[in-house]
Every structure is written in C-alpha cells, then in structure tokens.
Amino acid sequence: MSSPAHGTKPAGFQQSATSLPFGQPVPLSSISGPAYVTAQLLVQQIAYKLSDKIFSYSPETFDLDVALKDWAAKGEKNIHDYPTAVLPLQTRTGAGALALGYIFSPDFDIAKRHIPQTLVAASGSLQQLRGSLDQLALLYGVSSPFVAHIAAAEFTASEGLVSNYDGALRLAEDLGLGLVASSSTYEAQHMSIFSTLLASLIPTLHVYDGIRVARETLRVVDALSETGVADLYRKLAAEVGKLNKRLDTAGKVIELLKLFNDELGTVYEPFEYHGHETPDVVLVTFGSVESQTAKQVLSKISADGAKAGVINVRIYRPFIEEEFLKVIPASARTIAVLGQVQTEVAVADEAVQSALYADVLTAVAFSDKFAQEPEILDIKYTPSQAITPQGIVDTLHKIFGNGPESKRLPSLVEAQQYTFWDVDDSVTVNSASAIGSVLSKESRANVYVHNEYDNLTQGGITRADVRASKKALEAPYAVEEADVVVVGDERLLKAVDVTKGLAADGDIIVKLTNFKEDEVEKRLPAWFRKAVHEKAADLHILDASYSPAFEKDPVFTKLLLEIAFLKTARPGLSLEDLSQLAVVESQPPTLEECIDAVGQCLRKIEVPSSWAEVDADYSDPQLPSVIQTNSFVPFQKEEPEEVLELRDWQDAAKGLVFKEAYGTETKLRPDLSVKTSTIRVKENRRLTPLEYDRNIFHIEFDLGDSGLTYKIGEALGIHAENDPEQISAFIDFYGLNPDELVQVPARDDPSAFEVRTVFQALKQNVDILGKPPKRFYEALAEFATDETEKKKLEQLGGQEGAEEFKHRSEVDTVTYVDILEEFCSAHPSFHDLIKIVSPLKRREYSIASAQAVTPTSVALMIVVVDWVDTKGRTRYGQASHYLSKLAPGTPITASVKPSVMKLPANDSAPLIMAGLGTGLAPFRAFVQYRAMQKAQGKDIGSILLYLGSRHQREEYLYGEEWEAYLAAGVVTLVGAAFSRDQPHKIYIQDRMRQTLSDIVQAYIKDEGSFYLCGPTWPVPDVTAVLQEAIATDAKNSGAKKVDPKKEIEKLKEQGRYVLEVY
C-alpha cells in the first residue's frame, strides 16, 4: 500500500547554472562583444566551435558543460560545418579510455584527423584521467590534436570547494604535456584558442580557476563572434604547419604566440612582468586568481614607490627558461615563488617543494644573468587558502621584513559594490543576479556578479557580490567594502558577520517579518547593533507584512526586496529604470503595486548611540565574515519528512477503504523501481555432495501465469528476505511488538510509503542483518545516552576510528544487530532506526536456462556463501542462504536485469566460453539454445567451453550435461581445469593455452566471440592467452605486426570480448 508525496517550485527569475552569465542560458550566436559572459561560457564556446568531439567529465553540479549540451541538443554547427558531438561521461578509474578508443580507432575518419578532440573536466578528475593522458602522449605522433580545458575545481570534505593547480602542474611535467593558463575572463577565449592551436604540436592542458573566475559574470567588450573565432583559427591553424621544422617545441611555441599576437593585436608572453622597473623583490605566480590579484596589487603599490613586481606564468609547459630569465629585472635580490602544494603538512615540510619553485630554482641557478644570484623563496600555500589583495601585501611585508604589521591596502576596485546574503531556499535567493541583469541594461555600465553557496551553515546559505562601474571590472576576490549589504533572512545574523564587508557610512537592509520598532533590540543581536553603529551605517528594515495583501505572494516578496535595494542603492533611478525589473522578472503583474508598497514596507531605523555600548557580560561571537564555498548549487532539501510512527490496524484499514482520500494504491512490491513478478520454486537440488564444504545448488522456478520473460544471458533479481528466526530474536531483544503497523518509506522510491507490520518491515524492507557502513555509527551516536558509548560510536564513524571500523567490517563482519547489542544505551525508536539502517537490496544471479527451450521455467546455479566469524558463529550470505532453504511451491518476488552476455547475431559464429564455478550458469543457457538450433537443422558453429573448479568429483557442475552435449556434437571442446586434483595446480588459462590452435581457429579465423563469467582474478591471465592467439595467428599468416592489446580493444568494441565478473 503506497501513498504519494508532493512538492512545489518557487516562481520568478531563476538561475539555471552559476557557470552561465546571470545564471541564464546563452545562444551560441549571441556571444559577440560587447557581451556579458563567464569564463566557463567562453571556454565552452571555443571548445564547441573548434572540436570534432567533446568528452566531458564535469561533476553533476559543476555545470562545466551546461552550454555545450544545450548547443549540441539544438544542433548548432561548429566551424567544420556539422554539430559537435558532446559526450557527458563519469569520472572513474580509466576515465578517458573512450576518447582514446575514438581517436585511435581503425575506423576513424582520416579526413577528420586535423580536427581537434577536446576534453572538459575539473582538476579533481586528473588523477583518473592520468592513464589515458599518458597513453595519448606516447602515441601523439598519430593522434588528432587534443586539448583539455581543466577548471581548477575540486571538492574536499574538510575545506569544501578548492582551486587545485598542483595536480595539473605535476601531471604536465610528468607526461610531457603543454600547459597554458588563463588569468581572467577577458583572456579565457583567447587562451582557449591558443591552447587548441598548441595542441597541433603537443597534447595541451588549458587551466583556469573553476571556483570563482569561471563563474564571474562580467562584460567583455571584444568577445570574438562565431565568425571571428572561425577566421582566426583557420588562419593560424594553417600557419602552424608552416613553422620551422628545425625548431624544438619551445621555439615553435614562441613563434606560434608571436603569430597569435600579430593577428589579434595582443601582447601575450609566456611570462609577463608587472611592477617596479628596478625591484628588489619579485613574486612569481601561477593561476587565475593568483595572477590577477598579484598584478593589481603590485601595479598599485609599485606606483606608490614599493620596489616590487610580479611575474605571471602564462605558459608553464614547456617551461621556456630563456623567456623566464628575460623578464626578471636585473635588480631583483629576492624571487619569491607563490607555489601551491596539496596539504598543510606539505606547507610545513621543508623537504617538499612546490612544482613552480623547482622550475624557477633550476632556471635561476643555471643562469649567468645575475652578478649576484638572487635568493629564491618557496612561499607555499594550499588550494583552500584564499588569495586576496591584502594577503599579497602581507606576504610582501614579511619578505621585506618591514615590521610586525602591514598597512591596510585601500580598495583596488573603482565601482559601486553590493553584497547579498540569504538562505538558499528563500524566494529572494536569485535577487542578486536579477539586480545584476537590471543594472547591465545601462549602456555604459560594466556589471559583475558572483554567487557562492555554503550548504552546511543554517541548512544552506548563499552570498552574492555585485559590482557596477563605468570601467572594466576585474576583481577575482570578495567585496570587502560594500556600499549596500542586503540580508534576506534574520537567521543569518546567528551564523555570519554580515557587517564586516560593509563600507563605512554604507547602507544595510535586513528583511524582517512582523517587525515592531520597539522590539528592534530583541530582533537584532548585540554584536550586529554594535557593528552598525561603528560603521556609521544606515539601517533599513524591510517588512512585507506591512502590505498584508501581498505578504504571502512569493513574486511580490521578491520584487519588493529588489525594488527596496534599487531605491536604496540607486535613489536617482526613475520609474522607467525600475520597470527593467519587469523585463527580467518576465512581466510580473505586481510590479507597480510593489513600487507603491516599498514606501510602506521599507523603513529606516535610527541607530542610537547606546548601540555602541554592550553589557558587561557581552562576548563577541566571532562569526565568520565569508562563507566556505562547498557547492555550486543550493542545498537540495528533501520534502517535509513523513512521521513514521507505529500505528494499529485501523490506520491501514482507512487507507484501504478510502483509497482516493488517502492516495492509496495496491501493488505488487510498489517499493521496487523494476517490474516484479511472483514465481514459485519448482526444484531445489544440491549439485555438490552433502559432506562437501561448499553448497552449490540448482534452483528452478515455475513461471506459471506471472508473465515473466527473459533473454539468454540475462540475470534474475531475487528480492530475498531476512531470516525469520533472527528477526524474531532481534524483535525480542529490542522490545518491539511484531504486529504493530508502521508506515515505512519504500525501498527504491522515497516518494511512496508502505504500511507493514514491524515483523514484515524488518524481514522484507530493512537490512538489519547486514553489514553497517560508517555513517550508521555516526548516526547511532546521536541516540547514545552513555558518554563512553557515544564517544566510541563517534570515533568509529570518523577518521580516527578508520582502522577499527575496517577490522569490524572485514574481519569481525559485524551486523547492525551486533552493534545495537554492543551499544545498549543507543536505542533509537523504531521509526528512527529504519531511517539509519540501509534498505534490503535485490541480489542478481545469471540465468542458467534458455526460455526458448524451457518456456515455463527459469533456472539458477548458486553457491551458498558462508563463513565463521571471530566469535565462532557460522554466518551466511543473506540471499544465497534464503534461496537454499526454499521448498518447492514457495512463492518469491523476482525481476529480470539485462546483461552484457548476449549471443552473437550470427548463429554460426563460434563461442569460446570460460566459466569459473557458478560462472558457468549463463553458458548452460547458451549451450541449451545452440543445441535447440542444431536440432532444428541450423549450422551453429563450434563451441569451446572452458570450466574451472577445485575438484572434479565434487564440483564438475552440470558435468553430465556437458559430456552429453560433447557426445552429440553440440559442444566442440570441453577444457576442464580442476585446480586441486593434482600436485601442481591447473587453472582455466592453462587449459586454454593447451588448446591454443583451437582458439586461433574459432576466435580469430572464424570470427567467434569470447565470454568470461566468474571472479575477476583470472581476467589478466585469460586475456594474455587470447593475445597469444592473436599474435600466433598474425605470425602464421605472415601479416604485418599487430598489437594484441589494441586488437583486444577492437574486439571489445565489436562485442566479441565480453566479461561479466564480480
């Protein structure tokens, strides 16, 4: 019995992704300067226009490819006059293999060999991509140009989202890749094109900040249009082929960059110096935020007389030492490298050098440029360390040794600056982007918007910075002197110091509902009142309840805040200017009413001098003034949680009698997302002797009128139940009434609920006898009343107890029940318990029958998993033990799962099958079907069956059937390997090697298909035999030399090398 859940969506201006300007989708054709863009949008534009295929490894919420997928779906064409293929892929071990397979495929269209192939990814994916990039670098002489646009963005559990460059720098050095950096949105488009051109020489990484710079909305006046991109790339791509062949890679890079500059009128260099003409101290930086911030700071303070400068690294690989030395002023006495390393431990460890420092040290040490060699410092920092203008000044202050404290750096930004704070489920959460969009309508305006999210504070909060100026804006750091701060929810005053970034004499707007002026000191905390007074700020309270007709209208609430902000920040705006909100907010019907209501709902509050005073026992809460960015999207909060209380039979009866009122449906296992059927046990027969230590059994089910159908090679999903005796014992121990009713969430569909008895829920829904994960210990700790037990559970759920947790899980194999018995003070109520215990999962087994041969039944071959734990208890695998005890006639719930195991389309194609233990199951189905075809007079081709187990007498599984098929000419060869029947062990690969000529004939010459089913361990050895067969055939036929490994990859793609291993 199940019931639906419901939800609603907010209305008004919405952001689709922070990687898009103002969070809005952008047509490809509209990117043409001047235009509002993000760096990530420009990277995607170049990738899409220049590439044949784009392999995207963007984590789901990073949205590195959101525009790419949109353009591809709309069939937008690249410069080669066809739509670019965009392939979203998951980051996992072996990532990049698909790209390699495509580039080096024998079927690759040679006419496209000159067209770049592109990869889009976050820096956190580089470790998984390393193997593929290594292979690519080794084979690059016969590859298409390959460029990877890498957003320096990585999630860490302790620090949230961080910009990690260290991995990219070290990877480029290790694999011999090119590496180019973009320092700002303004050059992201150019550097994306240059990196793609450089890929014609060497595989190239284009790296840029993926946390802030990639997501800043700002105006670029000279953004290249589609035509501009096409013309520039075509012209320069032709010049690449004309570069002097005698030049090494570094020389070609210099020539290519010169051609690039000549064409665009730019002055890009591999290394770029900014600052004093004769500095004593020179910083060296790599990275978007690092380079831009240091450039701005050093340009400012050197103009004021500070003898310092900075070298920004644009082309890190190849590291062209001559070019680097050329830009170092001869006066430099100290060269300080801002070098990123992975951890705080690495920062503290003097033996660890940053990658950039090692290159700078080598270049300077072997140079004869300096009369006195400058001191080289490695100023190490971690990816989580924020780079700010004041931080750069503090670093220089320490290097110069100018005393205990550095001077406060005045703002580097000439702009009006605003900060918006809100909780992330507020109707006004997107107001900053809406405001930015309104301000951008001014023809001479340059607007900047950046959003960031902290999903762990107050259930999810957001900060948005908005800047507006008549000058170009380039400020990859947070607003520190806001003219106006907007606080969208009073709960924020408990979590964040929203006043720290407010300029002196600024305005602060706080949205409070049902505000009464005589309660101001109750509603606003002491630290906030004190800070407002110290800043001499104007305080405004926005209270929608002053207009009761609109108080509960989300569109009105949102418009009210936006208009209140505009009237405060831009008091000179006309009604016509304010009407731009109507365009941004899709013509809301309440705009004029909101404008009229602002005067009533927005009140300026007098800030009395008494706010400067605090009570004697006052303690400054020391709230953070910035947020730790840990997401690019708001926290996806769940629907209001259903109370899962214990009930009696009357509640179930109401749901069954009044189905429409209670939204009740009666279904067969409604909790399962797959189609299920009820089938009955027909036969349950043990295949191994009773005295043998392994219980392998054959179980067959009668399909009856269930309607269940299956194909050869598919798997049967068994929805097994927990052992009833153990469940009853747990119910007694836990003090539960087995007959009480409980409403529980369905296993695979949280929007549906089931009403079950406690006994049924524990037996069929909850994995109470299973192995608990770490999070269970952590969750259970909250219920512990004994402090010792609480601390122990917290330890086991954290990093400190990792080793003990591993021992409990893998050696002791403890269950949820074991833990609940051990920690008796932790006794959650039943409905709390089922929230923290994992649901039961179905177990899938390869089907050992062909429905065309046995139309009314389905068969499985299963081994009972059992072991003795450290307490001497015999333990069993839940599903295999459940199935082994089923008597004929017992009904079970089952479903069918597709499989990679499929017969070749050609009935006469040979089969080469290797099965270990119960891995023989699908091959029984294969042989049954081929035997039926032979009986029908069809040519079935040869069948080579290799099987492996321990002993022939006890484990020759389905042995009589194989012998009969062999005698009937259905099976051509049976290669049985019984590993423990002789002094030296014989394995399945040994039998295959003994019959190599048969494999050559069936697999290579007759174009058969190979299948392996069973454990993973024999895969390398079995594959090695197949490679020997390929090499042997090539040698015997006098063919040109072949690479067996590549041939195996081709066979995989053709579906002729199929593995189903576990």
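**Salt bridges within helices of the predicted model**

Lys1052 is partly exposed, with 39% of relative accessible area; by the definition applied, buried stands for under 20% relative accessible area, exposed for over 50%, and partly exposed for values in between (1.4 Å probe, protein chains only). The model is predicted, so that local features need pLDDT of at least 70 and side-chain atom pairs count only at pLDDT 80 or more, whereas totals for chains, interfaces and linings use all residues. Residues are numbered from 1 along each chain as its sequence is written, and side-chain values use heavy atoms, with hydrogens and water left out.

Side chains of opposite charge can pair when their charged atoms come close. A salt bridge was assigned where a side-chain nitrogen of Lys or Arg lies within 4 Å of a carboxyl oxygen of Asp or Glu.

Lys1052 is joined to Glu1049 by a salt bridge of 3.3 Å, N to O. Both residues belong to helix α37 (residues 1044-1053), 3 residues apart, or about one turn of the helix; helices (H or I, at least four residues) are DSSP runs numbered from the N terminus. Glu1049 is partly exposed, at 41% relative accessibility.

In helix α16 (residues 526-534), Lys530 and Glu534 are 4 residues apart, about one helical turn. Their salt bridge has its closest N and O atoms 2.6 Å apart. Lys530 is partly exposed at 23% relative accessibility, while Glu534 is exposed at 55%.

A further salt bridge links Lys835 with Asp832, with 3.7 Å between the closest N and O atoms. Finally, a network of salt bridges connects Lys792, Glu804, Arg808 and Glu822.

Terms used. Helix = DSSP H or I, 4+ residues; strand = E, 2+ residues; numbered from the N terminus.
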